[in-house]
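Hi,

Here is the structure I promised to pass on to you. Have a look at it first, and then read my notes below.

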Amino acid sequence: MSLSFRTLVLTTAAVLLSSCAAMTDADTPAVPVASAAAPYDQLLADVRILSADDMEGRDTGSAGGERARAYIVSRLEALGIAAPPVGRLQPWTAQGRTRAGPRTYNGVNVLGMVQGTRVPDRYIVVTAHYDHVGVNEGQIYNGADDNASGVATLLEIAARLKDAPPEHSVIFVAFDGEEHGLLGAKHFVEAPPVPLSSIAMNLNFDMTARAETDGHLWVTGTYQNPTFRPILEGIPANGTVSLAFGKDTPQDTGENNWVQASDQGPFFTAGVPFLYLGVDYHPDYHRPSDDFERITPAVFISSTELSVSAFRALDRSLDR
């Protein structure tokens with residue numbers, strides 16, 4: 001999540017050690033509670049690999065960012081997720097913010113597409129940013145939760161769609177440059193691969209792993225898009241994690257309002273319906289300690305199953 005929107009809140013959160021769990025098909029409203037590790041090996045590997053030291057914090061324009069991008073491309077190719085007609089990569093150049101002041105960045109978004117079965121000319125754009133803040137004062141900011149977790153969630157949804165195709169066409173976008181001012185998302189909205197009018201919604205994932213802070217995967221955007229809330233309210237908790245709605249009303253101010261806090265912001269500004277799913281603050285946010293080892297697998301798996309179920313429910317319900 002972007003540094004300018006979420007400031008670090010120092011709290012104490014115990015990292016609970018528990019086993020992973022098994023999944024069943026999330027295409028039904030009931031959410032399966034996980035109980036065995038094997039089906040989630042790839043999900044966890046995606047986070048571990050993207051947040052490893054050799055990715056060097058995945059800063060936009062860095063060698064580590066390029067390695068992360070190559071990994072995401074390889075995963076989409078392995079899953080058989082096609083590139084859209086505009087191509088797999090969407091390069092851009094934009095001025096972004098840094099701790100030292102403005103700087104010009106050359107970034108690259110990664111795209112994939114799956115055709116829908118019921119309304120193929122309407123699109124759900126599923127997004128997560130793969131960049132993080134890089135290396136600062138000799139310390140690597142690995143960004144396991146922010147946002148290797150969101151990218152892993154995106155890839156898990158992509159994998160599920162190969163087995164059970166969506167009703168809407170889906171564009172997957174791993175954004176670059178979020179940490180420097182939502183740069184990749186802004187470029188996508190300015191130069192979309194399909195008309196904005198054909199996009200049913202943006203579903204953005206940013207920080208989906210560390211739900212143990214309050215037991216919630218937060219859903220932001222139902223205040224702006226009230227028809228979405230009844231679609232998701234019936235999704236039950238998975239393990240210790242449940243959906244919670246908010247961070248999007250006029251009463252939510254400053255860092256507690258997440259409407260523009262991540263890559264859904266440019267979609268909202270452009271009038272595209274959106275939802276943002278992510279966890280609340282934890283002590284490792286934007287710290288060198290945001291490492292894979294801090295993630296409790298069972299909690300992340302539960303959040304992922306809720307994310308998949310949210311996507312499926314929205315896909316079934318929109319454009320009826």
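Let's start with strand β6, residues 168-175: eight of its eight residues are buried, so β6 is largely enclosed by the rest of the structure. Do keep in mind as you read that this is a predicted model.

Which strands pair with β6? One is β2 (residues 103-114), which is joined to β6 by five bridges and runs antiparallel to β6. You can find this pairing on screen by looking for G112, which stands opposite F172 of β6. Another is β3 (residues 119-129), with eight bridges to β6, and these two strands run parallel.

Next, helix α1. Within residues 41-50, the buried ones are L43, L44, A45, D46, V47 and L50. What covers the buried residues of α1? The cover includes the helices α2 (63-79), α3 (144-163) and α7 (297-317).

A few spots in the backbone are worth a visit, too. D146 and N147 are joined by a cis peptide bond, with omega at about 0 degrees, and N147 is found in helix α3.

Two residues other than glycine have a positive phi. For R58, in the loop between α1 and α2, phi is near 55 degrees. For E137, in the loop between β4 (135-136) and β5 (139-140), phi is near 50 degrees. Are these two buried or exposed? R58 has 1% relative accessibility and therefore counts as buried, whereas E137, at 82%, counts as exposed.

Now for the whole chain. Its secondary structure comes to seven helices and 10 strands, and 58% of its 320 residues count as buried. If you take the contacts between residues at least 6 apart in sequence, 80% of them join residues at least 24 apart. The accessible surface is about 11,800 Å², and 54% of that belongs to carbon and sulfur atoms.

Finally, a word on confidence. The average pLDDT of the chain is 90, and 88% of the residues score at least 70. Over residues 4-36, though, pLDDT stays under 50; the model has 88 contacts beyond four places in sequence for that stretch.

Enjoy exploring!

Best wishes

Note on methods
Residues are numbered from 1 along each chain as its sequence is written. This is a predicted model: local features need pLDDT of at least 70, side-chain atom pairs count only at pLDDT 80 or more; totals for chains, interfaces and linings use all residues. Side-chain values use heavy atoms; hydrogens and water are left out. Buried means under 20% relative accessible area, exposed over 50%, partly exposed in between (1.4 Å probe, protein chains only). Helices (H or I, at least four residues) and strands (E, at least two) are DSSP runs, numbered from the N terminus. Contact means heavy atoms within 4.5 Å. Two strands pair if DSSP finds at least two bridges between them. Accessible areas come from the Shrake-Rupley method with a 1.4 Å probe; for residues, only the protein chains shown count as cover. pLDDT is the predictor's confidence in each residue, from 0 to 100.
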